[in-house]
Amino acid sequence: MLISKVTGLGLCVLATSACTQVPALREDGIAISSIVQRVKCELAFAIPEPEPPWPTGRYQWMRSWTAKADLTLMVNEQSSVSPSAIFTRLLPSVSVPNVGNVGRSITLSVGAGLSTTAVRTDILSFTVALSELHKFKRQGLCNLSEGNDLYGNLRLAEWISSALAPVDLHQLKVGRHPAPGSKSPPAPPVLAPPKTELFDPLTALRTAVKSAGYYANIANDSLSDARRNANRDDTQATYDDAAKIYGAVKAVDQQYQIANAEAKKFENDSAQKTEVTALMTELGRSVTAAKTAKTTVDTLIDGLPHDPPIDSLSQSVQFIVAINGNATPNWTLVNFKGPGANGNLLAGSQTVTHTLNIVMGSPAALATEQNRQLNNLVILQTLTQQQH
């Protein structure tokens, strides 16, 4: 009889327990789009715009930075059924000398349990360049309503302002401190002047060679200025001189292409061969001089302060909402108490965790920091699952 009751109790657990299912998606496409829009808007208004001149202007070192955001939406649902009962068999009372009548009974406590856990994790990652965010700010698309959780004020402006304070206070400065294996960015190239259309091949050749010599002289003169300014620790002037050299090298190369094309027209012209050969020799000296100036100034640039004062910035924001409930009906009879004699009969909980990780930095630094953030996220999720 007792065995059959215990067996029935176990079957009751299996019959009433909820099936394990994937939790429903809480955020639809519109909701996720709203979160992404808020993140972009707050970053756009929080990040300072670089000020000229390049590269020593304020925040110029952030010009090539990008921002990587990881949005993690996790839902953890748990349910359990834990029936328990106490069976009592009353026995006749006995008379104990000097005590009186004593009641007797035999009790048996039984219980069973079944719990289910379902976890859903949705991750959205996106990357935007800071230059994109500056343009996005000027489009006037950031009239956002206030809300809770990731739909409310994320206070990204406060984070970025406090993170950049050591730079504004000159505690961290632009210098020479590259990460292992990385290279400092070169100066931006300067566009060469446009082509000049000349219809007479010999005139075009002479003009191209003369122009190449002119630009080669500019490169040499700018190199002398760059050396002098580098010795004076005038970083901006040295970079300006380097930009002139890069522009001159482009111009020399352009004139070389023009001259080379025109010289080929005289391959079978013995009358002009002597002059063409002399012109091409002169052109070769100009090309060599320009390339030598560029190689030298590259070395000067590498010795100047150019590495950013901050390698990367990162922040993690997490919102956790936990809901739980339980029900425990009980009946107390002569020979039975249950089905929740010990603890809760039915229990359920849902924990919603929203996490936003943002990492900003140069593409190389961003990759390193992002890997670290992802490793930390995996560890956090593993610990969370173990706790439940």
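A: Let's start with Glu275, which counts as partly exposed at 29% relative accessibility. On this scale, buried is under 20% relative accessible area, exposed is over 50%, and partly exposed is in between, using a 1.4 Å probe and protein chains only. Before we go on, this is a predicted model, in which local features need pLDDT of at least 70 and side-chain atom pairs count only at pLDDT 80 or more, while totals for chains, interfaces and linings use all residues. Residues are numbered from 1 along each chain as its sequence is written, and side-chain values use heavy atoms, with hydrogens and water left out.

Back to Glu275: who is its partner? Glu275 makes a salt bridge with Arg206, and the closest N and O atoms of the two are 2.7 Å apart. This pair ties together distant parts of the chain, since Glu275 sits in helix H8 (residues 273-302) and Arg206 in helix H6 (residues 201-231), 69 residues apart. Arg206 is partly exposed as well, with 39% relative accessibility. A salt bridge here is a side-chain nitrogen of Lys or Arg within 4 Å of a carboxyl oxygen of Asp or Glu. The helix labels come from DSSP runs numbered from the N terminus: helices are H or I with at least four residues, and strands are E with at least two. As for the idea behind such a pair, side chains of opposite charge can pair when their charged atoms come close.

Lys265 and Glu262 give another picture: their side chains meet in a salt bridge at 3.0 Å, N to O. In that pair, Lys265 is exposed at 53% relative accessible area, whereas Glu262 is buried at 11%.

The protein has nine helices and eight strands, and four of the strands form an open sheet in the order E3-E2-E7-E6, with antiparallel pairing. Its edges are strand E3 (100-111) and strand E6 (331-332), each of which pairs on one side only. Two strands pair if DSSP finds at least two bridges between them. E2 and E3 pair in the antiparallel sense over 11 bridges, and along that pairing Ser95 stands opposite Asn101 in E3. The two strands make a hairpin with three residues between them, and Asn98 in the turn has a positive phi of about 65°. Val99 is found in that loop between E2 and E3 too, and Val99 is exposed, with a relative accessible area of 61%.

What about the other neighbour of E2? Strand E2 (residues 84-96) also pairs with strand E7 (residues 336-338), again antiparallel, over two bridges. Here Ile86 stands opposite Lys337 in E7, and Phe87 has Phe336 as its bridge partner in that strand.

One last stop is a loop. Gln60 lies between helix H2 (29-46) and strand E1 (66-81), and Gln60 is buried, with a relative accessible area of 11%. If you set aside its neighbours within four places in sequence, Gln60 is in contact with Pro50, Glu51, Pro52, Pro53, Trp54 and Pro55; contact means heavy atoms within 4.5 Å.

Stepping back to the whole chain, buried residues make up 36% of the 388 residues in the protein. Of the contacts with a separation of 6 or more, 82% come from residues 24 or more positions apart. The pair we began with, Glu275 in H8 and Arg206 in H6, likewise links distant parts of the chain.
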